[in-house]
Amino acid sequence: MSYLEYTVKSVPTGLRKIFYLNWPLVLLLTAVAGTGFLMLYSVAGGGYGPWAEPQMKRFAIGLVLMIGVGLVPIWLWRNLAGVAYGISIALLIAVEFFGSIGMGAQRWIDLGFMRLQPSELTKITLVMFLAAYYDWLPAKKTSRPLWVLLPLLIIVVPTALVLKQPDLGTAILLLAAGGGLMFLAGVHWAYFATVLAAGIGLVTTVFKSRGTSWQMLQDYQFRRIDTFLDPSSDPLGAGYHITQSKIALGSGGWTGRGFMQGTQSRLNFLPEKHTDFIFTTLAEEFGFVGGVSLLTLYALIIVFCVVSAVMNKDRFASLLTLGIALNFFLFFAVNMSMVMGLAPVVGVPLPLVSYGGSAMLVLLLAFGLVQSAHVHRPR
Amino acid sequence: MRRSRAETDASHVKLSRRAALLGGAQLLFMGGLAARMRYLQVDQADQFRLLAEENRINIRLIPPKRGEIFDRNGVQLAQNVPSYRIVIVREDAGDVEDVLSRLATLIDLTPEQTESALAELNRSAPFLPVTIAEDVSWDAVSAVSVNAPALPGVSPEVGSTRVYPRGSDFAHVVGRVGRVSQKDLDALEDPDAVLRIPRFQIGKINVEAREEALLRGFAGTKQVEVNATGRVMRELARREGQSGADLQLTLDAKLQNYVQARLSGESAAVVIIDCEKGDVLANASAPSYDPNLFIGGISSKNYDPLLNSEYRPLVNKTVQGAYPPGSTFKMMTAMAAIEEGIIGPDETVYCPGHLEVGGRRFHCWKRAGHGWVDLENSLKKSCDVYYYDLALKVGIEKISAMAQRFGLGIRHDLPLSSVNSGLTPTKDWKLRQRGESWVIGDTVNASIGQGFMLASPLQLAVMTARIATGRDVTPRIVKSVNGVEEPVLGNGSLNMNEQNLRRMRRAMNAVVNDRRGTAYRSRIIAEGMRMAGKTGTSQVRSAVVNNNEVPWEQRDHALFVSFAPYDAPRYACAVLVEHGGGGSTAAAPIARDVMLQALYEGEPPLDAYPTADRGRIETQQKQLRDVPPQARINKGKDQA
């Protein structure tokens, strides 16, 4: 069923749409963001500056933007999907030339009022574009090689650009999200099996390339993988982050050391305590109970999205919602695995909790799309 | 494009199925995360909490306050004073080079200091203070403080350093401290952690070194919370250390000062001990040096002259030096013979000016001979043949055994560096050490304190005190520790025939107070203060030549031992003047001066001296009067 066949009467119009927003989802997002404010307040040693306050302001703006996006009809977003994808590819290329250097990687463009990370934006536009593609593509063609190759190209182009920045974490997320969407759209199992086999082959090759002239990853990336496999090999160097993170997390115990009592994060033993490693602070101060609570909030967000998607008969809206939920999941899953010593340190923030403007704004915009899909679903 | 309802429904069902599949996988993964969290936070919590404590708590040492040293009257000999240094903190300074160049206009900074500070700044963490200049004056500190706004990151810091207010007077007693060197650390089996504190000072020689355990005290600790880079966030707990013990020495700063000054220009040593308790009142070795020069590390400009001087200012001659005691040893030979009953004090020996022993002729210093001499006469005139004769009769073993009872050849364990035990030779010793058997000529030489016989000025002073009292006076230089009096050692009787001892003292009295005594010119005429003693001249070379005709380093050592007052001995004194010539001319006058200074506890009245000497003494007193200690060092150094 396409948007043209909607029984337009049943879709709410005007400001009445506000009542039809997915309010439980808004509440969950706010709860997660609130946890973030609390932690940013704590790692600043009990102060609204320098992190908690800007983060709150950004969340407020993001929330308004989200509702704004949610009120715009979903078919408009579908029509804009191609353009949005094109713009993000252009920005990714631009960042190669005009991007600023931060943490050893070219990642953002300074727009004056904010720093734009095109790779963040790409996570959403890629999902949008793929959803639009599969909405357009007749279902029976989904698994034909040519029609599988096309979305692959759509995924690989931005992934390659992000990898060049170099931002391994985001590249993996893009690849995973794109692949996930293809899976949801119904691409045949055999393709995934093939890719999996090829992937294993590729990883082997990448490791073989180490130290040769055609080395495929940066040295720091190799080292991170090394220390992931054996953090104790370099406790004060590359393995330091993971070791300290585990110490902080583990010392939290059942109920944690109490709000603002986390010594490891407050005393700077934790690296990037306000961004990538903020979960450790939470786990140290609120313990297992606190960590599982946040995990539950995340799980509920995923569940609400999946339910909303399954209820939605509009293929684009459904795919988009699932894609964004998958993206969100990948974000926190990778981050948490990282701080718990289950994945290499790749520099992925904890969504809505870590300090960072552009990531939060992009995420809330994405949830705006989810809201739009929810409000404008066929009834 | 239109699609059939059936087609869209079918694709939606497939989508929903896959959505459920993927959603399920996601939830499964989250379950895995929760399980991992449980493992880390619940199962392994104790282990990680322990690691976290180690992460944040750091134990820092608080250096203890070093004990101070005083003389017997409470005059400070070694004190701790605040020392100022200028430090800079990189993260507060901003442009370090700019700040340093501004600082250089305010205080004296050598380019080397600036350079080394810059090098260290680049090496160390940005919040750690780096020393730019050490031991700066108070003026420099105020200059920095006043100009603080223009010097971000620069601040004066106060530490503690050792100062010896009496300058060179006590270098050979109190000694000095210095930075802990690698050598110091290597020498210790388990060095106290406090030694690793930068700029920590430990005793290097003499009392400062030997009483290190008492003076150092114990370090306190403070637990501080640090962050990952080592910056101190706050202090958690503090355990105060224990200051080192204050020491009071038996020395008298005023007397020591006088003696050291009296010796200036000579290479000499004087020990004055209290006959009753064995307290060392003065322990002077000339020339001396200023220990303050050594504290921050001495420059070679200052050090080389000290090291290369033939007067050996770095050597404490009172205990480190071992000299042939010469004629001052004659009392020992006589005591051995008399106590053995081989000869009575009144029995006489004929001195023809030499004695033939084993085909070799041993001369008396007076070639013409002394004729018939008894104990008193032989000592008074320092006849050698009398003692040759006695020694041949009593034998070296008895003589050395007697000498040891009087404190020669044994090590008096004062807390000074390199205390020499001297030597009272025996037949066994020569065989063991030299691989040669004892010959009769060795006994003859030993009888007048020549040959193998060696003694330090301290030992000679102890010997004299024992003769004067008949008790085994044992020297000590630490009077009290933290106000608690140290025990007086060895006050038992020597178990000698008191009659014999009295004869010996009478003979020594004659040496000084008899018109024909060798030290008559150095007598004291004040009633109740009369001095008894014995001159000594120990040969440095074998040929008998007039001392004035040979270079300084070949001249004889002059010695004099004495005690006073004769009737009720209070002080015993030994004087050694290296290469001074005759004991009666070079050593005895010094002994009289210092003895009077001790007896009168200050400058003696002129009428204690014989009339003929008073003019000369008056000039000398004027010269030595109230010269501050520091000025005396320089005078001594010029002459050295």
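Two residues are in contact if their C-beta atoms, placed from the backbone, lie within 7 Å. The model described here is predicted.

By this criterion, and leaving aside neighbours within four places in sequence, Val270(B) is in contact with Val259(B), Leu263(B), Ala282(B), Ala284(B), Cys573(B), Val575(B), Ile590(B) and Val594(B). Val270(B) belongs to the largest nonpolar core, which has 121 residues. Together with Cys573(B), Val270(B) touches the most other members of that core. Helix H21 of chain B, residues 583-599, is the element that gives the most to the core, with 9 residues. Residues come from both domain 1 (53-75 + 166-249) and domain 3 (253-632) of chain B, so the core lies between these domains. A second, separate core holds 111 residues. Its members include Ala132(A), Tyr355(A) and Leu364(A), as well as Met30(B). In soluble globular proteins, nonpolar side chains tend to be buried together.

Helix H16 of chain B spans residues 396-405. Its buried residues are Ile396(B), Ile399(B), Ser400(B), Met402(B) and Ala403(B). Viewed down the axis of H16(B), these residues fall within an arc of 160 degrees, so they line one face of the helix. The cover over them includes four helices of chain B: H13 (330-339), H15 (385-394), H17 (427-434) and H18 (440-447). Gly407(B) follows H16(B) and has a positive phi, near 95 degrees.

Gly407(B) is also one of the residues touched by Val462(B). Val462(B) sits in helix H19 of chain B, residues 457-469. A residue is buried if 20 or more other C-beta atoms lie within 10 Å of its own. Val462(B) has 28 such atoms and is therefore buried. Beyond residues up to four places away in sequence, Val462(B) also touches Ile273(B), His412(B), Val473(B) and Pro475(B). Thr474(B) is 12 residues from Val462(B) along the chain, and their C-alpha atoms are separated by 7.0 Å.

Chain A contains 379 residues, of which 50% are buried. Its secondary structure comprises 13 helices and 3 strands. Among its contacts between residues at least 6 apart in sequence, 70% join residues at least 24 apart.

Contact between the two chains involves 38 residues of chain B and 42 residues of chain A. On the chain B side, the elements giving two or more residues are helix H1 (5-43) and helix H2 (45-56). H1(B) gives the most, with 24 residues. By class, this side of chain B has 18 nonpolar, 12 polar and 8 charged residues.

How values were computed:
Residues are numbered from 1 along each chain as its sequence is written. Chains are lettered from A and ligands numbered from 1 in the order in which they are written. This is a predicted model: local features need pLDDT of at least 70, side-chain atom pairs count only at pLDDT 80 or more; totals for chains, interfaces and linings use all residues. Ala, Val, Leu, Ile, Met, Phe, Trp, Tyr, Cys and Pro count as nonpolar, Asp, Glu, Lys and Arg as charged, and the others, Gly among them, as polar. A residue is buried if 20 or more other C-beta atoms lie within 10 Å of its own, exposed if 12 or fewer, and partly exposed in between; C-beta atoms are placed from the backbone. The arc is that of the directions from the helix axis to the C-beta atoms. A nonpolar core is a set of buried Ala, Val, Leu, Ile, Met, Phe, Trp, Tyr and Cys residues joined through C-beta atoms within 7 Å. Domain bounds come from an automatic or database domain assignment.
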